[in-house]
Amino acid sequence: DENDDGKFYDSPRFVAHIDDGAIGAIRDFYAAHFAKAPQGEYSALDICSSWISHYPQDLKAKRVAITGMVEKELAENKQATEYVAKNLNTDPKLPYGDNEFDFVTNVV
């Protein structure tokens, strides 16, 4: 599909794109890995994010940055400490420096 993705993402869609079982599985996966980091000290970047990052509900990160295409969705992400709305299809450079994050995730 060669259509501009920006048009598809013009309007916010506050939906879960995976079912509850998949959300639980990815949260458990993240929890197992995040638990190995110093609690309250690590940082995570969720690229291609939305209003849900699928991180554990008891997330103890110092910083959670998210990027995605729909600013209204990003603004509703309760786990994010910051967000940048950006179309990585047209400009694939992330708006962060090297080695800023302990974890980088990209799910759904």
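Phe103 touches His33, Phe34, Ala37, Tyr42, Ser43, Ala44 and Leu45, leaving aside residues up to four places away in sequence. The model is predicted. Phe103 also belongs to the largest nonpolar core, which has 12 residues.

**The largest nonpolar core**
- Besides Phe103, the 12 residues of this core are Ile26, Tyr30, Phe34, Ala37, Tyr42, Ala44, Tyr55, Leu59, Val64, Ile66 and Leu74.
- At least two residues of this core come from each of helix H2 (20-34) and strand E2 (63-68).
- H2 gives the largest share of this core, 3 residues.

**Another core**

**Ala75**
- Helix H3, which spans residues 71-75, contains Ala75.
- Ala75 counts as partly exposed because its relative accessibility is 43%, and partly exposed covers values between the buried limit of 20% and the exposed limit of 50%.
- Ala75 and Gly21 are 54 residues apart along the chain, and 25 Å separates their C-alpha atoms.

**Asp10**
- Asp10 sits in the loop between helix H1 (5-8) and H2.
- With a relative accessible area of 59%, Asp10 is exposed, since exposed means over 50%.
- Between the C-alpha atoms of Asp10 and Pro95 the separation is 21 Å, and the two residues are 85 residues apart along the chain.

Note on methods. Residues numbered from 1 in each chain as written. Predicted model: local features only at pLDDT ≥ 70, side-chain atom pairs only at ≥ 80, totals over all residues. Heavy atoms only, no water. Helix = DSSP H or I, 4+ residues; strand = E, 2+ residues; numbered from the N terminus. Buried < 20%, exposed > 50% of the residue type's maximum accessible area, 1.4 Å probe, protein only. Core = buried A, V, L, I, M, F, W, Y, C linked by side-chain atoms within 4.5 Å. Contact = heavy atoms within 4.5 Å.
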